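Welcome, and please open the model in your viewer. We will take it one selection at a time, so keep the selection box handy.

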Amino acid sequence: MNDKKIELLAPAGSLEKLKWAITYGADAVYLGGTDYSLRANAKNFTLNEIKEGVKFAHEHNAKVYVTINIVFHNDDVNGLEEYLSNLDDANVDAIIFSDPLIIDIAKKNNFNFELHLSTQASILNKDAALYYVNQGVSRIVLARECSKKDIENIIRETGAEVECFIHGAMCTNISGRCVLSNYFTNRDANRGGCCQVCRFNFNLYDEDKKQLSSEDNFSIAPKDLSLVDYIKDMINIGVSSFKLEGRMRSVYYVATIVSVYRRLIDMYSNNKVDKEYINRAKRILYRCANRDVTPQFFDKKPGEKEQYYGTRQEDSNQDFLGIVLDYDEINKEAVIEQRNFFKPGDKVTIFGPSKEDYSFVIQTLKDEEGNVLDAARHPKQIIKINCDKRVNKNDLMRVNFLD
Amino acid sequence: MELLFQEGRKNNVAKRILKINSLQELKYPFNVDGYILGIDKFSYLFEKTFNVLDIKKIIDDNKDKEIFVSFNKIIYNDELSEYKKTLLDVDKLGVKGIIVGDVAALTYDLKTDVILDQFHLNNSYYTINHYFKNGVKGVLLTDDITGAEIEEIKQNTDALLFKNVFGFSHLSTSARNLVTNYMEHFNIPKMGKKHYEIKENKGNDYYKITEDDFGTHILDGKLLNLLGYNLPVDYEVIDGYLMDEEILLNVLENINDNHKVNEIIKNKYETSEGFINKKTIYKVKKNE
């Protein structure tokens, strides 16, 4: 059994999401600045927001890693050294990079932050990992194509910290080794412009252009990754950091997967396995993203069942009902900011950091002035509902789909 | 800066090397200075690969050619010992260079010049100089940088520069068997084709998709043809992978006559100049 504390590493697509992720149990977050990140079209963080995020994280004993994981062209390097210096001054804990020019700049300036090699560098073996370890890299984010055996051997042979993705969407192709987006849309995949061609549908032809597919149902999209069944194995083989994908995802998604994996990691680390919770956790995780999940390469080479075939890949739902703003102890009412429609008679669950979920049936629904409502219809509307158990600010309310 | 199309090669000092996809190509050594040979198990995107003994013989039979051996695959952990052994065996053969796709090879202290082919990861002279300082002699440049960027790289590095100038550009590699999975799912019998093609419903462009032991690769359906450019590189790579061999050999025979080359290929292939005069974009909206 690995005695080191396992790090739960969450995505932070914005300052707001950073705070939610840490509040819900992440030990560290990763984020992109306005430049040099592979999510060039996400909102991303200004330098001031990074400073505020680092302050918040450090106050809560969490770490902040900044992704600078583009593949640089000549012109992109302008301003990079100054930017890295600013990040060092902001006390970020590590830079997640893929282009080795970052190593040279970091060495030259003797920065304090650690260097973590991104999965974009597609490290599949121990000797490739050693190349970077010998350059001063302290952590390797392995390619998602590594099996359990690969991961175990790389950790044992290199002594490096290893970070692995455990949940979320996957590239079809080896990360970094794909420029489909460049050719289909002129958007540079390795500089943050990826348009996700691997989610497109195609017609398939033989080499004489005779059509083989039925309409355009040929797709190369993989199902999502989930190692929820392999948490114990990951701990045992010495993985240091369990990484969640999803910088573009919602606050609800981030809070949900962080809280579920926090509990699972703590449960296995403390040898207190609750099989009933594991089953509930799987259902919660599935509902949250509404995409099929598999262990992908961890237990075997993915085959026919790990891929989508031109069918709808996501079912949208309106599970996320609202955010708890306050609790009225006297009237036993929760004050909720609405996110999706709900009404009296609905079964709901309120969940929050480090607590048991609380499920109940909505009996009464009022607006801020106390007027009785027949439904909560408007996004961001402030609603009061009956709630016998005390709940806290920043707890979240969802549809009770478990009972 | 735009690199102007040159009518014929003028003052071009770049050597031309041919990726060998069949034994036939070795018998028609027109207008090329060297060959790139794929090696069994550790190369992909070659129609023909060789073992160490084959390579030794090819070296002996082609003493006027510069021979490069390509280990362009990325390597799984359980392949490492055989990979290293094979690299060390090739290291003793006296070839001009060993092309590697995995940085694991940089830890083996090879005596032969190492050329790094990381597919699309070598886009700036800063990156190239990092590897040059760490023992790499040259790099294969990505297909998606502009001619102006190549010029700037050349001015700022001592590394040897290799550039694909003719062939179907390699766009992606997956460790999954994407076509086989699809056929299995829909019970479509496999036909042993060398490759398949894909096209979006509303699109006009076809792309080539092919499987091997590693997984699945997608290539541009248009033939990259930069033979008319005077690129500031040391080696121009010509690759007939998935091409009609007869057309390839005809092109090689007439390679110094652009007009003739275009005539040879125009009826069979749509051509492209890739990104040589076109920058990619990556921000579709300004930062908020």
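## First stop: a residue at the meeting of two chains

Select Glu149(B): leaving out residues up to four places away in sequence, it touches His73(A) and Asn74(A). Two residues are in contact here if their C-beta atoms, placed from the backbone, lie within 7 Å. Before going on, note that this is a predicted model, where local features need pLDDT of at least 70 and side-chain atom pairs count only at pLDDT 80 or more, while totals for chains, interfaces and linings use all residues. To find your way, residues are numbered from 1 along each chain as its sequence is written, and chains are lettered from A and ligands numbered from 1 in the order in which they are written.

Glu149(B) sits in helix α5 of chain B. Helices (H or I, at least four residues) and strands (E, at least two) are DSSP runs, numbered from the N terminus. Is Glu149(B) buried or exposed? Glu149(B) is buried, because 22 other C-beta atoms lie within 10 Å. The cut-offs are 20 or more other C-beta atoms within 10 Å of the residue's own for buried, 12 or fewer for exposed, and in between for partly exposed, with C-beta atoms placed from the backbone.

Next, colour the two chains separately.

Chain B has eight helices and 13 strands. Its radius of gyration is 19 Å, close to the 19 Å that the globule rule gives for 288 residues, so chain B is as compact as a globular protein of that length. That radius is taken over C-alpha atoms, and the rule is 2.2 Å times the number of residues to the power 0.38. The C-alpha trace of chain B spans about 55 × 50 × 50 Å along its principal axes, and buried residues make up 49% of its 288 residues.

Chain A has 10 helices and 19 strands, and buried residues make up 50% of its 403 residues. Its C-alpha atoms fill a box of roughly 65 × 60 × 45 Å along the principal axes.

Colour domain 1 (7-171 + 222-306) and domain 2 (320-399) of chain A; the bounds come from an automatic or database domain assignment. Their centres, taken over C-alpha atoms, are separated by 33 Å. The contact takes six residues from domain 1 of chain A and six residues from domain 2 of chain A. On the domain 1 side, α9(A) has the largest share, three residues.

Select residues 275-289 of chain A, which form helix α10. This 15-residue helix reaches 22 Å from its first C-alpha to its last, close to the 21 Å expected, where the expected span is 1.5 Å times one less than the number of residues.

Which residues of α10(A) are buried? They are Ala281(A), Ile284(A), Cys288(A) and Ala289(A). These residues cover an arc of only 110 degrees around the axis, which puts them on the same side of α10(A); the arc is that of the directions from the helix axis to the C-beta atoms. Show β10 (224-226) and α9 (251-269) of chain A, which are among what covers those buried residues. Then turn the view: the face of α10(A) directed away from its buried side carries the exposed residues Lys275(A), Glu276(A), Asn279(A) and Arg283(A). Just after α10(A), Asn290(A) takes a positive phi of about 60 degrees.

## Last stop: a glycine in a strand

Finish at Gly32(A), in strand β2 (residues 28-32) of chain A. Gly32(A) is buried, with 26 other C-beta atoms within 10 Å.
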